[in-house]
Amino acid sequence: MELLNDMALFVEVAHARSFRGAADVTGVPNSTLSRRIGALEKAIGLRLLHRTTRKVELTEAGQVYYQRCRRIVDEARIAHEQLGEMLAQPSGVLRASLPVDFATIYMAPLVAEFARRYPGIAFDFDLTPRRVDLVSEPFDVAIRMGELPDSNLIARLLARLSVQAYASPGYLKVAGEPTHPSDLSQHECLGFAKAATWELHRGTESVQVEVGGRFLVNSVGMFRRLATLDLGVVLLPVEIVAEDVAAGRLQRILTDWEGKSTPVYALTETRLLPAKVQRFIEFLQERLGQRETSALA
C-alpha cells in the first residue's frame with residue numbers, strides 16, 4: 001500500500017512539474033514529498049526527476065514510470081469511487097480539452113447546468129483548436145467536432161449537428177439570394193479555406209459546389225461574425241448561429257437544402273472512466289442529443 005501511495009504522490013509531482021504544486025493538491029508538505037520521492041527512486045534504483053530551484057523535469061525513466069503509474073493510480077482511484085458514494089455524487093477536478101468556438105457559443109450553458117447538478121466537481125478547461133495528446137497530456141476527456149482520424153483513442157458520439165447555409169440581409173441585398181447550391185460558386189463564402197467544396201443535400205439529391213472567398217479564417221466565431229457584417233455566406237450548425245438568426249443579423253438561405261451534418265465526439269484514452277468523466281459524457285450525450293433532435297424536427 002505504501003508503494004501505491006508513493007506512486008500516487010509521484011504522479012502528482014510529475015503532473016504539476018513542481019513539489020509546491022503537488023503539495024497544494026495533496027496537502028502533503030514539500031519536504032515530505034521530496035523525501036518520499038527520494039525513497040521511491042532509491043527503491044527503484046533509477047533517477048525519476050531532475051530537480052532545479054525553479055521546476056522539476058522528468059528523466060527518461062521518469063517519463064516511462066509516469067505513464068505506467070498514472071494508469072495504475074487512476075484505476076485504483078476509480079475502483080475506490082465505484083465502491084463509494086462518489087458514483088452518486090462524483091467529485092474532483094474534471095480536466096477537458098474543448099474546441100474554442102464550440103465551447104463558448106454552444107457548450108457554456110450546458111457546462112453551467114452540469115456544474116449546478118454536480119457541485120462536488122471542479123473544472124479545468126483548455127480551449128484549443130489543436131488535437132491534444134490524451135496519453136501524454138493531463139486531460140480526462142477531449143471534445144472534438146468533425147470526422148476523426150484513425151487512432152487508439154475511445155470515441156463516443158455525442159451528437160450530429162444539423163448544418164445549414166446563412167447570410168446577412170445586408171449581404172443578400174447587395175449580392176442577391178442564391179436559389180440553388182450551384183449559385184454559391186458566384187458568392188463570397190466564408191470558412192476555413194479559401195477554396196473548398198461544400199456539399200448540400202435535399203432529400204436523396206446531393207450537390208457539390210466549389211466555393212471560395214477572400215477570407216481565410218481558422219475560427220468559427222470569427223467567420224460567423226464576418227457573416228453578420230455582410231461579408232459572405234456561411235455553412236454552420238443551427239445552434240451556432242441561433243442567436244444571430246433570432247436577432248435578424250443572419251437568415252437561412254437555400255431553405256430546402258442542408259449541409260453534411262457535423263459529428264461531435266468525446267475522446268478518452270480508456271473505457272474505464274472516473275465517475276466525474278462518465279457523468280460529464282452522459283450529460284452531454286443527453287443534452288446534445290436533445291438539441292440534435294429538436295434541430296432536425
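**A colleague's note on the predicted model**

1. Exposed means over 50% relative accessible area, buried means under 20%, and partly exposed covers what is in between, using a 1.4 Å probe and protein chains only. Please keep in mind that this is a predicted model, in which local features need pLDDT of at least 70 and side-chain atom pairs count only at pLDDT 80 or more, while totals for chains, interfaces and linings use all residues. Residues are numbered from 1 along each chain as its sequence is written, and side-chain values use heavy atoms, with hydrogens and water left out.

2. Who is the partner of Arg 214? Its side chain forms a salt bridge with that of Glu 188, at 3.9 Å from N to O. Glu 188 sits in the loop between α6 (169-175) and β7 (195-202), and Arg 214 in the loop between β8 (205-212) and α7 (220-228), so the bridge joins parts that are 26 residues apart in sequence. A salt bridge here is a side-chain nitrogen of Lys or Arg within 4 Å of a carboxyl oxygen of Asp or Glu. As background, side chains of opposite charge can pair when their charged atoms come close.

3. Is it buried or exposed? With 19% relative accessibility, Glu 188 counts as buried. Leaving out residues up to four places away in sequence, Glu 188 touches several residues, including Tyr 171, Phe 215, Leu 231 and Val 233. Contact means heavy atoms within 4.5 Å.

4. Now step back to the whole chain. Its secondary structure comes to 9 helices and 11 strands. The radius of gyration is 24 Å, well over the 19 Å that the globule rule gives for 297 residues, so the chain is more spread out than a compact globule. Both terms need a word: helices (H or I, at least four residues) and strands (E, at least two) are DSSP runs numbered from the N terminus. The radius of gyration is taken over C-alpha atoms, and the globule rule is 2.2 Å times the number of residues to the power 0.38. Along the principal axes, the C-alpha atoms fill a box of roughly 75 × 40 × 30 Å.

5. Of the contacts with a separation of 6 or more, 74% come from residues 24 or more positions apart.

6. Next, the charges. The mean positions of the 35 positive and 36 negative charges are 6 Å apart. Lys and Arg count as positive and Asp and Glu as negative, with His and the chain ends not counted. Each charge is placed at NZ of Lys, CZ of Arg, CG of Asp or CD of Glu. The count of salt bridges comes to 11, and Arg 70, Arg 71 and Glu 269 are linked in a network of them.

7. Arg 224 and Asp 244 form a salt bridge at 2.9 Å, N to O. Arg 224 lies in helix α7 and Asp 244 in helix α8 (residues 242-246), so this pair ties together parts that are 20 residues apart in sequence. Arg 224 is buried at 15% relative accessible area, and Asp 244 is buried at 4%. In the other pair, the side chains of Arg 287 and Glu 286 meet at 2.3 Å, N to O. Arg 287 counts as buried at 15%, whereas Glu 286 is partly exposed at 35%.

8. Then the backbone. Most residues other than glycine have a negative phi, and most peptide bonds are trans. Asp 230, although not a glycine, has a positive phi of about 70°. Asp 230 belongs to the loop between α7 and β9 (234-237) and is partly exposed at 38%. Leu 254 is not a glycine either, and has a positive phi of about 50°. Leu 254 is in the loop between β10 (251-253) and β11 (258-268) and is buried, at 6%.

9. Finally, visit Arg 36, in helix α3 (residues 30-44). Which residues does Arg 36 contact, leaving aside its neighbours within four places in sequence? They are Glu 2, Asn 5, Asp 6 and Leu 9. Between the C-alpha atoms of Arg 36 and Ala 108, which are 72 residues apart along the chain, the separation is 41 Å.
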